[in-house]
Every structure is written in structure tokens, then in C-alpha cells.
Amino acid sequence: MLDNLIPYQYSWPVDDFTGSGLWTTDRTPGQTVAFRTRQMPESFSDLSQDSRWPAFFPSPMCLVTTGDSRRSCLEKVVGASIVNRFPYVMALSFCRQALSSRHHVRKHFMELLERGGSAAVQFLPPGRALEAAMGRILSTDEANSHGRLRDTGLPTSAACESDTPVFDDAYLVYEGRLVQPARDFESQPIFAAPWEDVGSHRVYFLEITAIQLRRDIALGQSQIYWTSLPTWRPDCLPAGGPQVKAIAPRAIYQKSFTPHYRFPAATTVAFEADEFIAGRAVRHLPHEVAAQVERDNDRARWPCFFPSSVGMITCETSDGRPNLMPCGSTTIVSRHPLIVAPCVSYAAINSRYAPRATLEQIRRTGRFGCGVPYLADNVLDAIRYAGNISWQADPDKVRAAGLTVDPQSRTPRLLELPIHFDCEVRRELRLGTHIMFLGEVRRISVREDVSHKRPLQWNPWAGVAPLPSLARSA
Ligand SMILES: Cc1cc2nc3c(=O)[nH]c(=O)nc-3n(C[C@H](O)[C@H](O)[C@H](O)COP(=O)(O)O)c2cc1C
């Protein structure tokens with residue numbers, strides 16, 4: 001990890017579960033691994049005392065601005081996520097119901113965004129400018145949030161496609177505008193509304209209009225460093241786990257996966273800039289979906305880095321077996337009830353974006369599980385296997401991926417993983433190439449060997465550094 005990222009490291013849990021009275025132990029006979037479980041949703045009084053997330057999910061963080069040359073607003077967002085490929089859409093969720101001092105309504109930001117229709121998601125390198133922006137967000141209450149951007153003291157310029165202010169210090173900017181009603185590849189209507197109210201939060205869908213990337217990164221002189229999985233040290237292995245080791249699948253197309261992501265690199269796309277403006281390379285995205293679609297599997301990849309993690313989405317098949325779909329577009333969109341939202345491809349565009357077996361399996365059962373993966377060889381092997389082989393090709397996929405399913409669980413709970421959310425589907429949203437399932441969390445399981453002495457550790461920010469060879473010769 002880059003040294004300047006260390007101060008941003010986050011550990012969960014911060015204290016032990018004892019004393020809360022909310023967690024009970026769930027032990028499967030003959031099994032070495034046991035879980036603490038907690039029923040959800042919690043009561044309003046429990047929530048008002050402590051509205052922190054009841055369990056950890058690895059979400060990235062970003063800064064978001066909205067407004068124009070006259071009025072602006074700055075917020076931080078946890079879990080901004082790319083949720084659809086064609087059109088290229090990101091989702092941002094903001095609190096709309098007061099739950100506690102932590103979860104208060106982001107009224108000004110939402111009003112300004114709904115009036116102006118544009119926002120800029122921004123990533124600043126760890127350091128002084130990021131500290132100044134985060135400090136202002138934390139120290140200025142919502143009523144005065146209009147002054148935040150100015151009070152950071154950081155220079156800004158207008159975005160390329162709107163008047164939304166953008167930090168000059170940002171190394172990466174995603175400009176977006178609220179989606180408009182359209183039709184997908186099957187001529188079905190999508191985006192009847194530009195946002196959806198989901199529990200305590202409002203989820204905005206923003207079509208990406210332009211991506212700005214710092215010039216030195218676009219030219220390959222510096223790289224973005226992102227670790228997409230948390231670290232954790234388990235105390236034990238599941239008893240009788242499969243001895244099958246994931247074998248490199250022979251799929252026509254393979255989606256590679258490394259949790260230590262560098263951008264750009266030999267294994268990523270190169271950033272295709274349309275122009276260079278004030279130290280940044282800019283790529284404009286056409287509004288017409290037909291002009292955006294890439295049939296070639298490689299060219300269909302995301303055109304630039306956007307931080308994401310992985311949700312291990314499990315479900316039950318029609319013959320009662322477990323299935324597993326690693327899902328990078330998984331995010332938490334509401335605190336109350338807690339809603340986990342994986343985005344599952346339904347479009348038949350190429351091998352990369354093809355209908356998933358998981359889609360119909362979740363629809364049929366109305367539920368799914370979401371496991372939290374971590375940095376370990378067996379978990380990485382499982383992600384690479386299950387993320388490239390459909391259940392249609394391997395009905396014993398979870399075992400072949402080297403993972404063990406708890407026979408007592410409501411949705412397939414993977415014993416190797418530290419945390420599992422049991423979710424019931426409340427709604428599904430059709431987005432163009434992906435279906436976003438809104439899954440209300442009904443039970444959370446945390447392995448007993450997760451504790452404040454043996455925590456999950458996570459960094460929600462990416463870093464930037466010159467290429468090692470360039471740094472040496474400087
Ligand atoms: C790291 C990683 C992230 C992925 N993210 C997604 C995603 O967000 N949405 C999706 O539909 N597929 C995603 N996939 C692809 C599916 O996991 C893959 O197609 C899987 O084999 C589908 O299984 P199924 O057909 O049994 O449902 C991802 C794969 C990997 C390796």
C-alpha cells in the first residue's frame with residue numbers, strides 16, 4: 001500500500017459485539033466455523049442510538065459537487081457505483097429521512113441536484129486537498145452546506161459539460177447528468193424517473209457524460225492504486241470444506257480479476273482522450289446508447305478506472321443447489337431498511353455482458369445472499385472461477401470454486417467468508433444492460449473470529465503515484 005494511504009485505513013468492528021444484546025451465536029453441528037447473527041431491520045429507537053452500518057461492506061468513497069456558477073454544494077458519498085454499462089450510469093444515494101445525527105437529510109444537495117440535473121463525482125489523492133474538503137464537509141452543517149466548497153479554499157473550475165464546479169486537485173472526475181426516460185435493447189422502457197426512493201435514501205441515476213483524468217495518469221506516467229478487497233486474518237477453516245481447487249476456466253472470454261488494481265497498466269484499457277483541457281485528458285461519452293455500445297468484449301470494458309469492490313452474490317437454483325456470482329456493481333443504497341443492491345447483467349451484447357443464470361434464480365426465489373470477500377488466495381481463486389463460469393456450464397459451481405455452503409442458511413452462506421447478508425428482494429430496477437435488485441437485509445451473519453482484535457481492514461480511497469521506473473529515474 002502507498003504510505004500516504006495508511007492514515008485512511010479503516011477497521012471493522014471498532015468494538016466487540018458483547019453487550020449489545022442484538023447478536024446471538026449460530027453454530028452448525030460438527031462445524032468449526034460459527035457465526036454471530038442479527039435480525040434486521042432494527043427498531044427506530046435502536047437506530048437513533050447508533051445508525052452506523054450494523055456490519056461492514058467494502059464501499060469506496062468519493063466527493064460529489066453539484067450546482068452552477070452561482071450556487072454549489074459539496075458532499076461525500078459512500079458507495080457510489082457504476083450500475084449499468086450501456087448507457088453508462090452511476091448511482092449515488094443520499095439520505096432523505098432523518099435517522100440520527102450521522103444520517104441526516106442532505107436537503108440542500110438534493111434540491112440543487114434536482115434543479116440543475118448535473119453532478120461531478122471526484123477523486124482527490126490522499127493528502128492536503130482531500131483533508132481540506134473532508135474537513136469542511138464534517139465541520140459544516142447541512143444548513144450551511146452551500147458555503148462548503150468556497151470554504152475549502154481549494155481552487156475549482158467548471159466541469160466540461162456543465163457549470164458544476166470541479167476541484168482542480170481532482171485526479172479523476174466523472175461528470176453526470178440525471179438520466180432521462182429511454183428504451184433498452186429489448187425496447188423496454190427504462191428510467192421513467194431519474195431517481196428512486198429506497199427506504200431512508202434517495203438513489204440518483206446519473207448518465208456519465210464525460211470523464212476527466214489527470215494528464216500524467218492518462219499518459220501512463222503515473223498510476224492509480226486501488227485495493228478492492230479488505231484484509232482479514234481468519235482463525236480457523238471450515239470443517240470438511242471442498243478440496244477442489246478452482247481450475248482456470250476454459251471460457252470463451254475471461255474477465256480477469258486482481259484485487260491490487262493499477263490504472264493504467266498492460267492489463268487495463270488505455271484511456272482514450274478526445275481532448276486535453278487544463279492538465280486533464282477528457283473523454284466525452286455520446287448521449288445516444290447506440291453510439292456507446294461496444295460489441296467487442298475488450299472494448300466493452302469500463303473506459304476508465306472507477307473504484308469498486310465485490311459482493312459475493314449467492315442464490316438457490318431450481319434444483320436446490322447454491323449458485324455464486326461475484327458482482328463488482330454491488331452497493332448499499334439505504335440505511336433503513338438496510339438495502340443491498342447488486343446489478344446483474346440481463347443484456348445479450350457479447351460474452352462480457354450476457355444474461356446471468358443468477359438473474360432468473362433470484363427472481364424465482366425472491367432472495368439472495370451477499371458475502372463479503374477478503375484478500376486470500378482461496379477467495380481470489382473463487383472469484384476468478386465463479387466470475388467466469390456460469391451455473392449453466394457448471395451446476396456444482398460453488399464447490400468447484402472451492403467454497404463451502406452452510407447447510408443451515410436461508411440464502412447460501414459461504415463459510416469461508418467473514419460476513420454474510422441475507423436479503424429479500426423488494427423491487428428490481430431495469431437499467432439498460434443490468435437489473436438492480438433492491439434486497440432488504442433480513443439477517444446479518446458475522447463469523448465469530450471477526451473481532452476488534454481480528455478486524456477487517458479497508459481503505460475507501462485510491463492513491464496515485466508516478467510509475468516506479470519513472471520515480472526511480474527522477
Ligand atoms: C470481479 C468480477 C466482477 C463482476 N461483476 C459483475 C457485475 O457487476 N454484474 C454482472 O452481471 N456480472 C459481473 N461479473 C460476471 C459474473 O460474475 C459472471 O458472468 C458469472 O459467471 C455469472 O454466473 P451465473 O451465470 O451463474 O449467474 C463479474 C465477474 C468478476 C470476476
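Select the shell around the ligand (residues with a heavy atom within 4 Å of it): its residues divide into 11 nonpolar, nine polar and three charged, where Ala, Val, Leu, Ile, Met, Phe, Trp, Tyr, Cys and Pro count as nonpolar, Asp, Glu, Lys and Arg as charged, and the others, Gly among them, as polar. This is a predicted model, in which local features need pLDDT of at least 70 and side-chain atom pairs count only at pLDDT 80 or more, while totals for chains, interfaces and linings use all residues. Residues are numbered from 1 along each chain as its sequence is written, and side-chain values use heavy atoms, with hydrogens and water left out.

Within the shell of 23 residues, highlight G328, S345, T358, S390 and W391, which come nearest to the ligand. Next, display the ligand oxygen atoms. One lies 3.0 Å from an N or O atom in the side chain of N323, and a backbone N or O atom of W391 lies 2.8 Å from a ligand oxygen. The ligand taken alone exposes 650 Å², of which the protein buries 92% (Shrake-Rupley method, 1.4 Å probe). Colour strand 21 (322-327), strand 23 (339-345), helix 7 (357-365) and helix 8 (377-386), the elements that give two or more residues to the shell; helices (H or I, at least four residues) and strands (E, at least two) are DSSP runs, numbered from the N terminus. Strand 21 supplies the largest share, four residues.

Now move to E440 in strand 28 (residues 434-447). E440 is buried, at a relative accessible area of 10%; buried means under 20%, exposed over 50% and partly exposed in between (1.4 Å probe, protein chains only). Its side chain joins that of R426 through a polar contact of 2.8 Å, a pair of N or O atoms within 3.5 Å in which, within protein, one must be able to donate a hydrogen and the other to accept it, and residues adjacent in sequence count only if both atoms are side-chain atoms.

Finally, show the salt bridges (a side-chain nitrogen of Lys or Arg within 4 Å of a carboxyl oxygen of Asp or Glu), of which the structure holds 30. Select R27 and E448, whose closest N and O atoms are 3.1 Å apart. R27 lies in strand 2 (residues 24-27) and E448 in the loop between strand 28 and strand 29 (456-458), so the pair ties together parts 421 residues apart in sequence. Then select E428 and R363, paired at 2.7 Å: E428 belongs to strand 27 (residues 419-430) and R363 to helix 7, 65 residues apart.
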